[in-house]
Amino acid sequence: MQAINIAMKDFEINVRTKKFQIVIALFAMISLGMVYSSKKLGVSASLYKTPFQMLFLSGFSNAFNYSIALLSILLGATAISEEVEKRTLRLVASKPVYKDEILFGKLLGGLLTLSVAFALFYILTLAFALILGVPITPHDLGMFLITFPFSVLYGLVFLALGLLISTSIKRSKNAIIMAIFMFAFFSFLLSMIAGIVAFAVAGLPPIPDLPENAANLSEEELQEIFLKDPGYQEWLSEVASTTEKILYVSPNYHYQEIIRMFFGGKPQISEIVSAFVYNQSIVEDRSIEESLSLTWRNLVVLVVMFLLPFALAYVRFMKADLR
């Protein structure tokens, strides 16, 4: 009961902060930008079947993905450290409340805050799609709504990571700096490292047999010769496969995979490479059950990625002297 009271109080404080309001404004802009761009550019009929598939299988969705991670980790990173710094945690601890109730209250408060923020993004995306006349099929609507709990789970992973930072670093400014570094590492740095390692493993790309008049060919014609070469396709698949193996430690990768599978993305890298080469569709028809069967490993990994840092944060918090 005390944990729920702390959670409600935390939620009330969180939604009044400028940080939360800025993120909500950012979500609104991302939502409008995604929908407007799809309306303006139109659906790439050769690659996708519907506008919502293009929204969530292309780079459009990266901004939402990054915003979830940043909001969640900042929320967690300041949950304990800020209260330690302001000495308000001492007041809470002086009352008849157990330490674990405080930490679970912080977790539940963060979960409630994230759920409200993400729900607003989902509602705004649907509203903007209706206002701007972007068609939504019943299948797309179902897949879009079913990804909501996975977005919350993904947010929980970064919230738990933030709580671990918050229980390890007492000064809130240092906790925020560490949180931003962790966000940048999983969102950008790890992808760069994975790309460099993948190229080092795969080596230089093979050169296909070029026609005698290669010097007179345009850049597009040369690119087509490379892309249609089986050896070059194999090299591309190896680069993508190695990159994927390294990114397996990133929650961002698993969340993107879940979203990709629910919106019909082809599961095999070789299929995607082949589809791009021959300008074919990169999506296929898939039921919810089939999508779940393709993503259960990603779900399990995300659950583990949530439980592990939260367990460490729990141990550190229980050992901390709050007085």
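Colleague: At what angle do helix α13 and helix α15 pack, and how far apart are their axes?

Modeller: Axes are lines fitted to C-alpha atoms, for helices over the stretch in contact, and angles run from 0 to 180 degrees between N-to-C directions. In this predicted model, local features need pLDDT of at least 70, side-chain atom pairs count only at pLDDT 80 or more, and totals for chains, interfaces and linings use all residues. Residues are numbered from 1 along each chain as its sequence is written, and side-chain values use heavy atoms, leaving out hydrogens and water. Helix α13 (residues 251–262) packs against helix α15 (residues 288–319) at about 165°, with axes 9 Å apart; helices here are DSSP runs (H or I, at least four residues), numbered from the N terminus. α13 is therefore roughly antiparallel to α15, a term for angles over 145 degrees.

Colleague: Is Ser67 buried or exposed?

Modeller: Buried means under 20% relative accessible area, exposed over 50%, partly exposed in between (1.4 Å probe, protein chains only). Ser67, found in helix α4 (residues 62–79), counts as buried at 8%. A polar atom of the Ser67 side chain lies 2.7 Å from the backbone oxygen of Ala63. Not counting residues up to four places away in sequence, Ser67 touches Leu26, Phe27 and Ile30.

Colleague: Where is Pro208 found?

Modeller: Pro208 is in the loop between α10 (172–202) and α11 (219–227), and its relative accessible area of 6% makes Pro208 buried.

Conventions
Helices (H or I, at least four residues) and strands (E, at least two) are DSSP runs, numbered from the N terminus. A polar contact is a pair of N or O atoms within 3.5 Å; within protein, one must be able to donate a hydrogen and the other to accept it, and residues adjacent in sequence count only if both atoms are side-chain atoms. Contact means heavy atoms within 4.5 Å. Angles under 35 degrees count as roughly parallel, over 145 as roughly antiparallel, 65 to 115 as roughly perpendicular and the rest as oblique.
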